[in-house]
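Welcome, and take a moment to turn the model around before reading on. The paragraphs below walk through it step by step.

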Amino acid sequence: MERNLHRQLANMKKSLFDQGYLDEQFIQLEELQDAANPNFVEEVVTMYYRDSARLIQNIDHALEKNPLDFAKLDNYMHQFKGSSCSIGAKKLKNECTQFKEYCETGNGEGCKRTFQQVKKEYAALKKKLEHYFQFARQVGPVEKACRPK
Amino acid sequence: MVMDQEMGRYPSSSSSSSSSGAPNLHVLAVDDSHVDRKVIEKLLKISCCKVTAVESGKRALQYLGLDGDKSPVEFDGLKVNLIMTDYSMPGMTGYELLKEIKGSSRLREIPVVIMSSENILGRIDRCMEEGAEEFLVKPVQLSDVRRLTDFILQGDEDRQKVGSSKRKLWDVPRSWFTTSCS
């Protein structure tokens, strides 16, 4: 029974990787989990969503200004991209890169369009990770991180 | 100096890093990102380091007793063996922090490592020229931290073989005093 749950959890994770939501960095974080800190990754991700909510808001407000302050937008996005990388959020990271490129070329429409994508990905990942961690807590700690093939 | 007097009470084992009971490295981590601070702290703790994590260059300088308001004699933090700082931070960048540290006769010997999400050659060169020990591209890996701590500990061992008794005193963490004092 337990092995079945572990397998289900592993499949959930594999699916997140196959769909490009997560990358290797997520695995690196899982490998830092130990008996003292069995929910380390969940804590980091929770912290990420809490902190980045403010950044998202800042970017939203900045995108409403006219004219756009691309330096400011780039700065906010740099922070957001950094944290997203740190948790292994692959798709998000790529959208952020795209946004930054539009900032560099002063393409306001591009920024706005990309940011809609960013917010969508951000929300989608949050749901998936919440589900994953909820299930992981039920399953209990695994002995070691399982790398998806 | 107070530390000299207290040293007399305890067995002097300014031993090599490999023996148990040897002091752990104390690392000062500087990063404005809450998430990154949490991760670097974990990486360092897993590598058996004591960690102090602060969110800005200004705070780092305060901790090191170099903020201009306090005289160095009042500095009461644990001796820092390594500083790991993010490059891009509001206010004072990691590069500016590096310059402050290397500009201080008291602190310049502390190895400083710069971390950055951007792999920009000019930036790397500038930091290395200013005396950074290493430039790590984020996200920082456990292998990076382990390599760094091994390097620092090896450096300490080498210094102790050559070295001065004053250096050995500095290696003793203050926690030895506080735990043993009744």
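Helices (H or I, at least four residues) and strands (E, at least two) are DSSP runs, numbered from the N terminus. The peptide bond that joins K138(B) to P139(B) is cis, with omega about 0°.

Before going further, a word on the ground rules. This is a predicted model, in which local features need pLDDT of at least 70 and side-chain atom pairs count only at pLDDT 80 or more, while totals for chains, interfaces and linings use all residues. Residues are numbered from 1 along each chain as its sequence is written, chains are lettered from A and ligands numbered from 1 in the order in which they are written, and side-chain values use heavy atoms, with hydrogens and water left out.

K138(B) leads us to another residue, D86(B), which touches K138(B) as well as V30(B), D31(B), D32(B), G94(B), M115(B) and S116(B), not counting residues up to four places away in sequence. Contact here means heavy atoms within 4.5 Å. D86(B) belongs to strand β3 (residues 82–86) of chain B. UniProt lists D86(B) for "modified residue: 4-aspartylphosphate" in an unreviewed entry; such annotations may be inferred rather than shown by experiment, and their positions are given in the numbering used here, with feature names shortened. Is D86(B) buried or exposed? D86(B) counts as buried because its relative accessibility is 7%, where buried means under 20% relative accessible area, exposed over 50% and partly exposed in between (1.4 Å probe, protein chains only).

One more stop in chain B is C48(B), in the loop between α2 (34–46) and β2 (50–54). C48(B) is not a glycine, yet its phi is positive, at about 65°.

Now for chain A, which has six helices and zero strands. Its C-alpha atoms fill a box of roughly 60 × 30 × 20 Å along the principal axes. Of its 149 residues, 44% are buried. UniProt, again in an unreviewed entry, places "domain: HPt" at residues 37–132 of chain A. That span is 85% helix and 0% strand, and its end C-alpha atoms lie 17 Å apart. Chain A has a cis peptide bond too, between N66(A) and P67(A), with omega about 5°; P67(A) lies in the loop between α3 (40–64) and α4 (70–86).

Look next at C111(A), in helix α6 (residues 108–139) of chain A. With 0% relative accessibility, C111(A) counts as buried. Beyond its neighbours within four places in sequence, C111(A) is in contact with L63(A), F70(A), F99(A), Y102(A) and C103(A).

F99(A) takes us to the largest nonpolar core, which has 64 residues; F80(A), F99(A), I40(B), L44(B) and M84(B) touch the most other members. The largest share of this core, 12 residues, comes from α3(A). A nonpolar core is a set of buried Ala, Val, Leu, Ile, Met, Phe, Trp, Tyr and Cys residues joined through side-chain atoms within 4.5 Å. In soluble globular proteins, nonpolar side chains tend to be buried together. I40(B) touches A29(B), M84(B), M115(B), V140(B) and V145(B), leaving out residues up to four places away in sequence.
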